[in-house]
Amino acid sequence: MSQSSTETNQNNLSQEPGIQVFKAGTFKLNELNALLEIPGLNSQIGEVTVTGNSNPLTIGYFAMQPGDEFEFVYEFVEYKVITKGKFVMRDRQGNKYIAEAGDVVLFTPNVPVIFDGESDGEAI
């Protein structure tokens, strides 16, 4: 979830050639209720910069538990691989999308996405 109010970790992960494994829980997740100012939102996000060029590659972690719904507009093309549970999303036209573990969701820039409060899952 790229949004200018989202804090990112500016340490580049790909500083040296080789294989790296990042275990679950390695990176701190930020509470979205504080970032988006939605008190009943029960969701967390974390972004880690992989490369340090002008258009860096990032790894994003996203988790959501039942709570308030929220609307989000992605600034860039992003995709999420659902690793656990499910995400229930809608567009402004009311079309509903359900993504479950193993599914991939593609978000295009500048299109509002409403994450329903019944969502309960994790994605990378």
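Here is a quick tour of this predicted model, from the overall fold to the core and the surface.

## Ground rules

Numbering starts at 1 along each chain as its sequence is written, and side-chain values use heavy atoms, with hydrogens and water left out. As the model is predicted, local features need pLDDT of at least 70 and side-chain atom pairs count only at pLDDT 80 or more, while totals for chains, interfaces and linings use all residues.

## Overall layout

The chain has 1 helix and 10 strands, running β-β-α-β-β-β-β-β-β-β-β along the sequence. Helices (H or I, at least four residues) and strands (E, at least two) are DSSP runs, numbered from the N terminus.

Of the 124 residues, 34% are buried (under 20% relative accessible area; exposed is over 50%, partly exposed in between; 1.4 Å probe, protein chains only).

## Inside the core

The largest nonpolar core has 17 residues. Such a core is a set of buried Ala, Val, Leu, Ile, Met, Phe, Trp, Tyr and Cys residues joined through side-chain atoms within 4.5 Å. Strands S4 (58-64), S5 (70-73), S6 (78-90), S8 (104-107) and S9 (112-115) each give two or more residues to this core, and S6 gives the most, with 3.

Met 89 is among the core residues with the most contacts inside it. Leaving out residues up to four places away in sequence, Met 89 touches partners including Tyr 97, Val 105, Phe 107 and Phe 115 (contact means heavy atoms within 4.5 Å).

Over in strand S8 sits Val 104. Val 104 counts as exposed because its relative accessibility is 55%.
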